[in-house]
Amino acid sequence: MPEPTPSLSLVEVQARATAELARLGEVVGELGEIFTSAGHELALVGGPVRDLMLGRSHQDLDLTTSASPDVVERLVEGWADTTWDIGRDFGTIGCRKGPWTVEITTYRSERYDPASRKPEVAYGDSLEVDLGRRDFTVNAMAVSLPDQQLVDPYGGVVDLVHQVLRTPGRPEDSFSDDPLRMLRAARFAAQLGFTVVPEVVEAMTGMAERITIVSAERVRDELVKLVCAPYPRRGLTLLVETGLAEHVLPELPALSLERDEHHRHKDVYEHTLTVLEQAIDMEDRLGGDGPDFVTRFAALMHDVGKPRTRRFQGDGTVTFHHHDAVGAKITRKRMKALRFSNEVIDAVSRLVELHLRFHGYGSGEWTDSAVRRYVRDAGDQLARLHVLTRADCTTRNKRKADRLRRTYDELEERIATLAEQEELDALRPDLDGNQIMAILGIGPGRDVGRAYAHLLELRMDRGPLAPDEAEAELRAWWEQQRSAT
């Protein structure tokens with residue numbers, strides 16, 4: 001896991017901001033001149049301002065202005081390469097200029113009606129008012145354009161230097177206006193490694209139930225960003241400690257009530273967070289160029305079936321038989337409630353269902369048939385299953401950990417060898433449907449599917465068969481079926 005951002009000095013913040021503003025000048029300077037010449041204010045605002053002080057480069061810029069959306073659209077026409085108005089209802093016009101993506105939003109304020117899931121948007125009349133409605137002080141800074149003067153009415157620079165998250169006004173007022181900001185506090189703690197100040201944590205705890213007014217889609221998007229952040233443990237721990245998790249991901253705090261039969265020094269909750277971090281450390285095995293949400297969320301959910309399957313034995317031990325299958329069903333239900341796509345739900349649920357499969361084959365006595373079935377059942381999630389299975393080892397017993405690692409190394413070597421010999425990635429029976437019908441003299445129907453399944457089982461057990469051998473096996477099976485009827 002990466003280390004949290006080291007503490008900053010004001011001089012460092014200023015130096016980074018100056019350097020990044022020089023890079024942004026080519027685009028924001030031009031826009032600033034266009035808007036001021038038309039009698040309107042324009043400022044770089046929010047996350048891009050925060051990140052330029054942290055030395056993080058952006059091609060996506062957020063701007064705020066005194067101009068209405070209609071005026072914004074007219075002013076950027078001719079300057080931008082393309083424009084769009086999908087965010088017009090929220091006062092936002094988007095455009096692209098070369099490599100830069102720019103969203104320009106009219107000064108605004110927004111509140112939640114207690115009975116509504118959608119914010120009510122109203123335009124504001126000043127930059128300071130606009131900044132005051134933002135979630136945290138480190139996101140409530142602006143740089144006016146084109147003169148590049150810092151506007152920081154709520155002490156965002158100081159909080160950035162001290163690495164803390166606080167709201168511009170009373171946190172209760174901020175969270176009442178938009179309860180999603182409670183989740184955003186956890187998300188920014190996970191993204192930045194910052195500490196949430198006590199008064200904000202207290203408000204989150206007291207108002208946790210208020211998150212239920214927010215749409216599932218908005219909650220889902222924040223959870224994805226949190227899980228994919230550099231320090232997800234920080235954000236997840238905050239969700240659990242404040243009670244927010246009870247409303248958005250109740251399976252997580254439920255784990256703290258259980259003891260794992262293999263890791264009695266830890267509860268399942270702590271084990272789960274460790275598995276998540278170990279999976280993150282192995283993401284480079286997946287070959288991607290960023291966080292892998294499917295693997296991370298599978299690590300987070302892999303043991304959620306344990307509370308429901310816990311059984312106490314007469315000798316004092318605890319078992320969680322079939323928690324993998326039960327956990328997959330729980331995972332699927334939760335992800336559907338959060339409006340994830342079917343593709344993502346299927347991938348995560350499959351990993352949860354298979355996360356114990358490796359341990360079902362003893363200490364490495366894997367037959368070729370078992371290896372083929374492991375690969376077939378994992379399908380396109382095989383690389384992720386490798387990561388999840390390895391990450392699930394959190395034992396403090398070094399000899400046991402080394403033994404499990406060696407055994408899994410051997411399994412991966414077996415998979416690679418068989419894959420090279422047999423094209424495991426495209427595992428199919430030795431005869432296709434058309435061949436089956438021709439050999440048996442039957443038409444399309446249920447019998448073809450049953451024959452196909454039988455041949456696939458043979459393929460798993462015995463590997464590739466020669467055409468005449470496959471045909472003989474098919475005819476023998478068909479005679480058995482006919483004689484049984």
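User: Which residues does histidine 302 touch, not counting residues up to four places away in sequence?
Analyst: Histidine 302 touches His271, Thr272, Val275, His323, Val352, His355, Leu388 and Asp392, where contact means heavy atoms within 4.5 Å. Please note that this is a predicted model, in which local features need pLDDT of at least 70 and side-chain atom pairs count only at pLDDT 80 or more, while totals for chains, interfaces and linings use all residues. Residues are numbered from 1 along each chain as its sequence is written, and side-chain values use heavy atoms, with hydrogens and water left out.

User: Where is histidine 302 found?
Analyst: Histidine 302 is in the loop between helix 14 (293-301) and helix 15 (306-309). Helices (H or I, at least four residues) and strands (E, at least two) are DSSP runs, numbered from the N terminus.

User: Is histidine 302 buried or exposed?
Analyst: Histidine 302 counts as buried because its relative accessibility is 0%. Buried means under 20% relative accessible area, exposed over 50%, and partly exposed in between (1.4 Å probe, protein chains only).

User: What does the side chain of histidine 302 make a polar contact with?
Analyst: The partner is the side chain of histidine 271, at 3.4 Å. The side chain of histidine 302 also reaches the backbone oxygen of alanine 299 at 2.6 Å. A polar contact is a pair of N or O atoms within 3.5 Å; within protein, one must be able to donate a hydrogen and the other to accept it, and residues adjacent in sequence count only if both atoms are side-chain atoms.

User: Which residues of helix 10 meet helix 13?
Analyst: Pro232, Arg233, Leu236, Thr237 and Val240 do so, and they meet residues including Tyr269, Leu273 and Ile280 in helix 13.

User: Changing topic: how do helix 22 and helix 23 pack, and at what angle?
Analyst: Helix 22 (residues 446-462) and helix 23 (residues 467-484) pack at an angle of about 130°, their axes being 11 Å apart. The two are therefore oblique to each other.

User: What is proline 429 in contact with, leaving aside neighbours within four places in sequence?
Analyst: Proline 429 is in contact with Tyr452, Leu455 and Leu456. Proline 429 lies in the loop between helix 20 (398-422) and helix 21 (433-440). Proline 429 and leucine 458 are 29 residues apart in sequence and 7.8 Å apart in space, C-alpha to C-alpha.

User: And strand 1: which way do its residues point?
Analyst: Leu42 and Leu44 point one way from strand 1 (residues 42-45), Ala43 and Val45 point the other way, and all are buried.

User: How many bridges join strand 1 to strand 8?
Analyst: Four bridges join strand 1 to strand 8 (residues 142-145), and the two run antiparallel. Two strands pair if DSSP finds at least two bridges between them.

How values were computed:
Axes are lines fitted to C-alpha atoms, for helices over the stretch in contact, and angles run from 0 to 180 degrees between N-to-C directions. Angles under 35 degrees count as roughly parallel, over 145 as roughly antiparallel, 65 to 115 as roughly perpendicular and the rest as oblique.
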